[in-house]
Amino acid sequence: MYDIKNNEFQVIVVGAGHAGCEAALATARAGVKTLLLTINLDTIAALPCNPSVGGQGKGQLVREIDALGGEMGIVADETSIQRRRLNTRKGIAVQSNRFQSDKNGYIRRMTQSLMLQPNLKLLQAMATDLYFDNGNIAGVVTVSGEVFYAPVVILTTGTFLRGKIHIGDICFSAGRAGEPAADALGSSIEKLGLPVKRFKTGTPPRVDVNTVNFEGLEEQVTDPDTAPFSLWSGDSEFETRPCYLTRTNPETHRIIRENFGRSALFSGNIKGTGTRYCPSIEDKISKYPDKDSHKVFLEPEGYYSHEIYLQGMSTSLPEDVQEAYVNSIKGLENARITRPGYAIEYDIVDPGDLYPTLMSRSIKNLFLAGQINGTSGYEEAAAQGILAGINAAALIKGKKPLILDADSSYLGLMVQEITMTSLKEPYRVFTSRSPFRLNLRMSNAEQRLSEIAYSFDVMPENKIQAIRERNSKIEFVKQRLTEYSLTPTRLQSLFPELANPLPASSVTLAQLLKRSEVNVHIFKDLIPEISNLDGMAATEVEAEIKYEGYLAQQQKEFELRESMEKIVLDDSFFNDLPTALTYEARVKILAVRPHTIGDLAHIPGVRASDVAVTAMTIRKRMRNDKNQ
């Protein structure tokens with residue numbers, strides 16, 4: 001018999017992927033006694049697909065996790081082997097960090113954070129069932145029959161619930177390559193009556209770096225000016241490594257086309273729904289037959305690793321076909337596959353069953369976070385994990401839950417979208433999903449979320465004080481830039497490159513900073529406090545000044561949208577949809593037939609531009625009706 005006292009906790013987290021790590025750290029940091037169960041302690045926070053963190057929309061989520069007291073940004077910074085800032089030629093709303101990480105280093109570093117966290121116990125054990133007492137959730141049962149007790153449970157099972165790997169006509173049970181699936185837990189969840197669906201994702205083959213010819217390929221090196229994700233991280237323990245770009249060609253496409261029937265995706269062996277945003281290579285060639293090439297990024301798995309990840313080549317084709325099409329690509333003619341690509345099917349619980357707190361509507365005190373909710377991506381999972389952890393701790397401590405709005409964070413937007421309607425496919429965050437994206441910048445995550453984290457006890461006193469001081473520095477520098485003016489003569493003397501044409505009167509530094517080619521650091525000799533700003537803070541100063549007019553205009557658009565949200569959409573609207581709507585929006589709108597513009601705005605897949613088009617169309621029709 002086991003001593004029950006040794007098995008008693010306040011929160012149990014099942015699964016130590018990115019969602020589970022953030023959930024467990026959040027509850028423990030809030031002072032709640034937490035148990036984190038994982039099938040394998042050696043693969044905590046694994047990066048089984050692409051060993052990278054960030055990207056458009058995803059980078060914003062990582063910054064929000066950091067602002068809420070999370071760990072992902074710190075670990076990504078301290079294990080990075082390449083750093084890049086994407087979309088630098090576009091507006092600040094869509095710019096985001098994307099870092100390559102050392103895969104094994106990331107696991108090691110996250111495990112260290114978990115091991116050193118007070119109130120948190122790590123245990124290698126497979127959960128097979130939920131334990132109930134008098135109809136209430138009361139813990140978790142493991143494969144050995146042991147029961148661990150807690151009044152609150154968080155499930156973060158990733159792709160492990162009845163996971164099945166497909167490589168051509170070969171399929172076998174697995175949570176991911178080399179690890180067992182959680183079949184018993186999957187069956188248990190279905191028996192409890194939770195709404196289970198089947199989704200699918202995939203990964204590409206890896207190749208031996210020593211068999212790749214990099215000569216003639218486009219090299220992508222790290223950008224040393226890219227600011228770190230986190231305010232709290234140290235330097236990376238690794239030197240940088242380049243990535244390379246190559247492309248498929250007509251011969252690659254011929255090989256794949258001739259073997260469509262051997263793909264598990266096309267043969268009908270795979271029943272789960274995959275994401276449109278990260279299709280397999282056979283999917284791309286099938287859907288875009290006129291395109292004669294697709295990009296393939298060669299990304300190192302780690303600093304010491306001898307494997308290269310072929311981003312863009314996700315597949316469920318047999319190994320011999322994978323070898324043939326890989327060898328048809330420039331630079332990969334002699335490449336040797338070390339691990340074949342595969343597709344994986346797994347169970348999700350439809351997030352329509354969730355409250356915005358991520359607690360199940362069907363089972364009180366059961367929270368779900370990550371891919372079990374039908375999302376895709378490490379960043380989406382980690383963000384849900386920290387929210388679930390915050391709310392689980394709040395539940396234990398008798399505090400009101402945290403519900404984030406779509407206008408305050410991408411995390412709030414994601415939760416709103418996945419919980420409002422039944423998911424038909426894996427969900428991914430995009431900046432284009434948010435009408436508030438200009439306000440939801442990577443650089444202002446702390447201003448939006450850190451005081452919230454502090455109020456929920458997951459942001460310590462020393463960090464919130466540092467953030468408050470940082471915010472004061474930002475405001476001070478903005479004020480000085482607005483006040484500091486230069487006469488035409490002094491402008492010509494100090495910044496001759498900015499004096500053509502020469503202005504007729506004095507200009508402020510803020511006016512000069514509004515120019516696209518000017519960055520705030522050129523004024524550091526005039527305003528020394530600029531040198532005290534971290535990279536993200538300097539970006540935020542620039543954003544608030546450069547986009548001042550756009551932000552004011554956006555506020556007017558928000559007010560217009562708010563005033564129109566309750567306008568009813570009648571049959572005439574659905575019979576004559578605006579031609580400027582995206583195809584996806586048209587399909588979703590006709591399927592849902594929303595009652596009002598406000599309802600339309602909350603449909604997953606309907607973008608901010610679609611809402612704006614709808615509002616303008618309705619307003620125009622109302623004016624026309626009035627004039628008739």
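Two strands are taken to pair if DSSP finds at least two bridges between them. The model discussed here is predicted.

User: How many bridges join S4 to S5?
Analyst: S5 covers residues 96-101, and S4 and S5 run antiparallel. Leu 86 stands opposite Ser 96 in S5. The number of bridges joining S4 to S5 is six.

User: Are H1 and H4 roughly parallel or roughly antiparallel?
Analyst: Helix H1 (residues 18-29) packs on helix H4 (residues 103-116) with the axes 10 Å apart and an angle of about 25 degrees. Angles under 35 degrees count as roughly parallel. The crossing of the two helices is left-handed. The angle therefore makes H1 and H4 roughly parallel.

User: What volume does the largest cavity have?
Analyst: The count of cavities of 30 Å³ or more comes to one. The volume of the largest cavity is about 40 Å³.

User: How many charged residues are in the lining of the largest cavity?
Analyst: The lining consists of Tyr 277, Phe 430, Arg 433, Glu 584, Gly 605 and Arg 607. Glu and Arg count as charged, while Gly counts as polar. By class there are two nonpolar residues and one polar residue, and the number of charged residues is three.

Note on methods
Residues are numbered from 1 along each chain as its sequence is written. This is a predicted model: local features need pLDDT of at least 70, side-chain atom pairs count only at pLDDT 80 or more; totals for chains, interfaces and linings use all residues. Side-chain values use heavy atoms; hydrogens and water are left out. Helices (H or I, at least four residues) and strands (E, at least two) are DSSP runs, numbered from the N terminus. On a 1 Å grid over the protein atoms alone, a cavity is a set of points where a 1.4 Å probe fits but cannot get out, and a pocket is an open set with protein on both sides within 12 Å along at least five of seven lines; lining residues have an atom within 4 Å of a point. Grid points are joined across faces, edges and corners, and a volume is the space filled by probe spheres set on the points. Axes are lines fitted to C-alpha atoms, for helices over the stretch in contact, and angles run from 0 to 180 degrees between N-to-C directions. Angles under 35 degrees count as roughly parallel, over 145 as roughly antiparallel, 65 to 115 as roughly perpendicular and the rest as oblique. A crossing is left-handed if the near helix is turned anticlockwise from the far one by less than a right angle, and right-handed if clockwise.
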